[in-house]
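Please work through the two exercises below with the sequence and the model side by side, and try each task before reading its solution.

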Amino acid sequence: MLFHKKVVGCNAVVIRNLINEMIECIKCWHELEEEEVYEFLLILNELIANGIIHGNNGKCDKALTAIIQELNSNTINICICDEGNGFDYNTIMQSDVDSTDIFTESGRGLKIIKALCDTIKFDCDGNNGNKISISKSIKR
C-alpha cells in the first residue's frame with residue numbers, strides 16, 4: 001500500500017491537503033509527465049468531491065478514506081470510500097451524456113473519471129455503493 005488516510009469533515013484546507021498528499025505519493029511512486037499530473041489531479045478532485053458532497057452530503061462529521069495501491073510497475077489503484085448511503089451508479093454510468101441537459105452536473109464527473117482511467121469499479125466490497133475504485137496506468 002502506497003497511501004492510506006482517513007479524514008473527517010469537509011474543511012477545504014483538509015481536503016486540499018489530502019489531494020496534495022495523494023499527488024505527492026503518486027509522484028514518489030513514479031515520475032509523471034505534466035499531462036499525467038493534470039489527469040491525476042482531475043481524477044482525485046472529482047473522486048473526493050463526489051465522496052464529500054454526494055456521498056457524505058457535505059456533513060462535516062462524516063469520514064472519507066483514501067487508499068492508493070500499486071498494481072504493477074506502471075499502474076496504480078485509487079480507492080475512495082465515504083460514509084454515505086451509496087447511490088445507483090449503474091443508472092448514472094449508462095445514461096447518455098448527449099441526451100441530457102448540458103447544465104446538469106449529475107454524473108458528469110464520473111464520466112470524466114471513466115474516460116481518464118483504465119478501469120472504474122463501484123461498490124467493490126459488496127457494500128452499498130459508497131466505495132469507488134479506479135486503476136490508471138502511466139506512460140513509460
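The model is predicted, so local features need pLDDT of at least 70 and side-chain atom pairs count only at pLDDT 80 or more, while totals for chains, interfaces and linings use all residues. Residues are numbered from 1 along each chain as its sequence is written, and side-chain values use heavy atoms, with hydrogens and water left out.

**Exercise 1.** Determine how the axes of helix α1 (residues 12-29) and helix α2 (residues 34-55) cross, and which residues of α1 meet α2.

*Solution.* Begin with the axes, which are lines fitted to C-alpha atoms, for helices over the stretch in contact, with angles running from 0 to 180 degrees between N-to-C directions. The axes of α1 and α2 come within 10 Å and cross at roughly 140°. That makes α1 oblique to α2, because angles under 35 degrees count as roughly parallel, over 145 as roughly antiparallel, 65 to 115 as roughly perpendicular and the rest as oblique. Next, list the contacts (heavy atoms within 4.5 Å): I15, L18, I19, M22, I23, I26 and K27 of α1 meet V37, F40, L41, L44, N45, I48 and I52 of α2.

**Exercise 2.** Find the strands that pair with β5 (residues 131-137).

*Solution.* Two strands pair if DSSP finds at least two bridges between them. Strand β3 (residues 75-82) pairs with β5 in the antiparallel sense over 7 bridges, and within this pairing T75 has S137 as its bridge partner. Strand β4 (residues 119-122) is joined to β5 by 4 bridges, and these two strands also run antiparallel, with T119 opposite S135.

Definitions and conventions. Buried < 20%, exposed > 50% of the residue type's maximum accessible area, 1.4 Å probe, protein only.
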